[in-house]
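Morning, everyone. Please have a look at the model on the screen, and then I'll walk you through it.

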Amino acid sequence: MTILIGQHDVVTGYEGEKKMQANREKEVAQHHDGGFSVPETNSFGHTFRNYDAESARQDGVENFYGTNHINQTYDFVKRMREEYGKLNRVEMSIWECCELLNDVVDESDPDLDEPQIEHLLQTAEAIRRDYPDEDWLHLTGLIHDLGKVLLHWSFGELPQWAVVGDTFPVGCAFDESIVHHKYFKENPDYSNPAYNTRYGVYSERCGLDKVMMSWGHDDYMYLVAKENKTTLPSAALFVIRYHSFYSLHRSGAYRHLMNEEDEANLKWLHIFNKYDLYSKSKVRIDVEKVKPYYLSLIEKYFPAKLKW
Ligand SMILES: [Fe+2]
Ligand SMILES: [Fe+2]
């Protein structure tokens, strides 16, 4: 079934960054439609779709961020972490989760004629080509979005705004660089003196792992990996938890909460982001062919069954 074409021209550097930023909102619009994304172009430079209703889409994005920014409060995140941190929903392997995500198809997506698992593998395989020795990063590529199972009915079918989109710290002031910052004015934390200062409930260079992030698939997958005692390096957990934290990796905000380990890991997040979200391409992946490699990585870094 596979037609592997030698696509290898990942857009890097400032140009790539610019392109990715431009596509990011479109991705959220796509998420808003059904949870999975197809940006107009990706890091491989492919074009996917043209939006006719540009303004309607823009409304969708604003709406999405409005709901997200108003509802992601410190208390909300605390409750979600407590609830989903119980990991009492299902036991399954990493690969089974990839397949479960496969079932959650965005039918509004006209370009999505391949199973989700191929898209996960496209990210992983693109990283593998460019960083052949970093097997942990290949696996990170495969699993970083598995938290999107929160959209699945068996995980409570959370709304889009509580699963996808940019993430940001709660419990301290919302940085101006966060997309559609204006909506935070309606978030109760915005006017709560306990949460609206530069440090809020945190202290200088306390480390991002002490910081509560807005709830979504990133933090959930981080919890799953950590609580199931993955042996992946801390850089992998960092990538998983902060891959949608755009105000950090694009604007450099919240550095005052980072410790030395965070600083070291940030370098990997920058690398990873060149492949994330925009790796959808017409390059088909032969799932059966690469599966043994990824199963061996899963075996290396995870228990056979994980609690979700
Ligand atoms: Fe993601
Ligand atoms: Fe992703």
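The protein has 11 helices and 2 strands. Both kinds of element are DSSP runs, H or I of at least four residues for helices and E of at least two for strands, numbered from the N terminus. Along the sequence, the pattern reads α-α-α-β-α-α-α-α-α-α-α-α-β.

A word on what you are seeing. This is a predicted model, where local features need pLDDT of at least 70, side-chain atom pairs count only at pLDDT 80 or more, and totals for chains, interfaces and linings use all residues. Residues are numbered from 1 along each chain as its sequence is written, while chains are lettered from A and ligands numbered from 1 in the order in which they are written.

Next, burial. A residue is buried if 20 or more other C-beta atoms lie within 10 Å of its own, exposed if 12 or fewer, and partly exposed in between, with C-beta atoms placed from the backbone. Of the 308 residues, 47% count as buried.

Now contacts. Two residues are in contact if their C-beta atoms, placed from the backbone, lie within 7 Å. Take contacts between residues at least 6 apart in sequence: 79% of them join residues at least 24 apart.

On to the core. A nonpolar core is a set of buried Ala, Val, Leu, Ile, Met, Phe, Trp, Tyr and Cys residues joined through C-beta atoms within 7 Å. The largest one here has 76 residues, and Met221 and Val239 have the most contacts inside it. What does Val239 touch, not counting residues up to four places away in sequence? Thr140, His144, Trp268, Leu269 and Phe272.

His144 leads us to the annotation. The unreviewed UniProt entry marks a "binding site" at His119, His144, Asp145, His217, His243 and Asp276. Those positions follow the numbering used here, feature names are shortened, and annotations may be inferred rather than shown by experiment. His144 lies in the loop between helix H6 (135-143) and H7. Is His144 buried or exposed? It is buried, because 27 other C-beta atoms lie within 10 Å. Leaving out residues up to four places away in sequence, His144 touches Met221, Val239, Ile240, His243 and Asp276. Asp145 lies in the loop between H6 and H7. Asp145 has 25 C-beta neighbours inside 10 Å, so it counts as buried.

Now helix H3, residues 74-85. Its expected span is 1.5 Å times one less than its number of residues. For 12 residues that gives 16 Å, and the end C-alpha atoms are 16 Å apart, so the two agree. The buried residues of H3 are Tyr74, Val77, Met80 and Tyr84. They cover an arc of only 130° around the axis, so they sit on the same side of H3. That arc is taken from the directions from the helix axis to the C-beta atoms. Why can that happen? An α-helix has 3.6 residues a turn, so residues three or four places apart point the same way. These buried residues pack against helix H7 (217-227). The face turned away from the buried side carries exposed Arg79, Glu82 and Glu83.

Last, helix H10. H10 bends by about 25° at Leu266. The bend is the angle between axes fitted to the seven residues ending there and the seven starting there. Among its buried residues are Trp268, Leu269 and Phe272. What covers the buried residues of H10 includes H6, H8 and helix H9 (246-249).
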